[in-house]
Amino acid sequence: MVGKVLQLAVAVLLVFWTNAQTESYEDPNSLKLWLTISARKRFVEVSWSNAPANKGDHVLVTRQDALSFQKKASPKRTPLASFSSEEGSGSGEGAPSFVPISGFTIRPEARTARNEVEQEFWVANGGATEVVAAIQPSQGLSSQWFTTGLPFDYELSRNATIHTSCYGFWASYIDAQGNILAKTCLKVFPRWMNELKSKIGEMRLRDLFIPGTHDSGSYRPNFDPLLRESLVTKYALTQDDDIRGQLMHGVRYLDIRVGYYRSSPEPFFIYHGITKQRPLQEVINQVRDFVYDTNEIVIFGLKEFPVGFGKGLGVHRLLISYLRDQFQDIIAHPSLTWRASLRDIWARKQNVFLAYDHEAMVEEFPEVLFGSVEQRWGNKQSWPQLETYLRNVNDFDVSRFSSRPVSDMAELTPETWDVILDKQGGLRKMADNVNWRISQLYRNELGTNANIVSADFIRGTTLVETAIEYNTRKIYM
């Protein structure tokens, strides 16, 4: 009985300790890990910063929470096939030597005994939890980013609820003795604004670092790019989560492009360019349900109106009437202005900001519409070009003196012939090329003054965690 009590006490202490390791937002110099999802093949990615990177350190990935790690020896264990892929994204040398299945991805230590080869590998929780990927950090490199080879099933995301904390995968940074120095997991952030209310309640939306998505409605439910990709989907789809999934994972700015089909039973649809995507009703339902469930604040940015609107204002009036009927009492009244604090917004219980990119309509409907969010879009086709653009607009940013929100559009844009000839390999490949770089740029340099940062396939970035970290630290800056 005493033994069980001691085991329980140790387990409780470990839980408290690991939670402390996971929630270290206030200290920018602490060891941190992130789990992300690549766009093209939907592999789990693991990255870290401020690591000691000592000999014997490992980053271990599991499918359940790991409270402890142990080394085990296995006789005649067969080395796994070498993992070589052009899909690798991230920084640092020394990619994993083996495909991450059956317990390890690094080349295990071997020793001879009784003419048999014994190989050591890591297990978690006394062997009850399998290590599905193991990476040995390169010595002397404190920050690295690796694409593993672990496929991620988006059904896991769809099953997450507002009560979910961690799900799917966990990652732990351990030293040579197996001590856990830091850990993380795939997380949802359904209430991050409310959870920071005591720190950010007096701030304006312009003062916050807000994660956003580019062409938010350009997703396809149950779509598998490995099975069903075409030239159209390569350049039309920009997200893997639906709107609910994006909001659940921390996005608070939605980039909405609406088209109009007069003869359709559902006349309003989301468009990406001229490609028809999701019914607007589906998007609105997910936003509305999420806001009612969480009391979070969402900027619903309507822009471009690429199909069916023409030069007149009639269709715009139909759309605004439709939006008003659908969102009703949760529409933020423009009398709040962009200068309102989050606490003022919550006090009114009007959490959806309809930011409309048409000045005449904003003037005609002053009780419904806010002016648009300024989008800083560079129209760049390579990372060096995009990086230069993002640095320039942030270095010479006079908009920070205004209350109007502004979004850095942190994605690559193919040119027309790039699409026709498929020169770039699709938006997924382009996103995998830059998302890890975007993550590091805003985490290490541009995050202090960032407002909204929008990306393609945002699950391949750490923008949400970085935004929460910077927002948490703003009071201390």
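This dialogue explains how to read several features of the predicted model shown above.

User: What should I know about the model before reading it, and how are residues numbered?

Analyst: This is a predicted model, in which local features need pLDDT of at least 70 and side-chain atom pairs count only at pLDDT 80 or more, while totals for chains, interfaces and linings use all residues. Residues are numbered from 1 along each chain as its sequence is written, and side-chain values use heavy atoms, with hydrogens and water left out.

User: How many helices and strands does the protein have?

Analyst: Helices (H or I, at least four residues) and strands (E, at least two) are DSSP runs, numbered from the N terminus. In this protein they come to 15 helices and 21 strands.

User: How do I read burial, and what percentage of the residues is buried?

Analyst: A residue is called buried under 20% relative accessible area, exposed over 50%, and partly exposed in between (1.4 Å probe, protein chains only). Of the 477 residues in the protein, 56% are buried.

User: What share of the contacts joins residues 24 or more positions apart?

Analyst: Contact means heavy atoms within 4.5 Å. Among the contacts in the protein with a separation of 6 or more, 74% are between residues 24 or more positions apart. Trp-145, in strand S8 (residues 144–151), illustrates how sequence and space can be compared: Trp-145 and Glu-45 are 100 residues apart in sequence, yet 7.2 Å apart in space, C-alpha to C-alpha. Trp-145 counts as buried because its relative accessibility is 1%.

User: How do I read the packing of two helices, and at what angle do H8 and H9 cross?

Analyst: Two packed helices are described by the angle between their axes and the distance between the axes. Axes are lines fitted to C-alpha atoms, for helices over the stretch in contact, and angles run from 0 to 180 degrees between N-to-C directions. Here the axes of helix H8 (residues 280–294) and helix H9 (residues 314–327) come within 10 Å and cross at roughly 35°. On the H8 side the contact is made by Leu-280, Gln-281, Ile-284, Asn-285, Val-287 and Arg-288, and on the H9 side by Leu-319, Tyr-322, Leu-323, Gln-326 and Phe-327. Sorted by class, this contact has 7 nonpolar, 3 polar and 1 charged residues, where Ala, Val, Leu, Ile, Met, Phe, Trp, Tyr, Cys and Pro count as nonpolar, Asp, Glu, Lys and Arg as charged, and the others, Gly among them, as polar.

User: Which other residue has a positive phi although it is not a glycine?

Analyst: Asn-222 has a positive phi of about 60°. Asn-222 lies in the loop between S11 and helix H5 (225–228), and is exposed, with a relative accessible area of 54%.

User: How many residues of H15 are buried, and what covers them?

Analyst: In helix H15 (residues 463–473), 11 of the 11 residues are buried, so H15 is largely enclosed by the rest of the structure. The cover of these buried residues includes strand S1 (32–37), helix H14 (427–446) and strand S21 (452–455).

User: Where is Val-373, and what does Val-373 touch?

Analyst: Val-373 is in the loop between strand S18 (370–371) and strand S19 (374–377), and is buried, with a relative accessible area of 5%. Not counting residues up to four places away in sequence, Val-373 touches several residues, including Tyr-253, Ile-299 and Ile-452. Val-373 and Tyr-253 are 120 residues apart in sequence and 9.5 Å apart in space, C-alpha to C-alpha.
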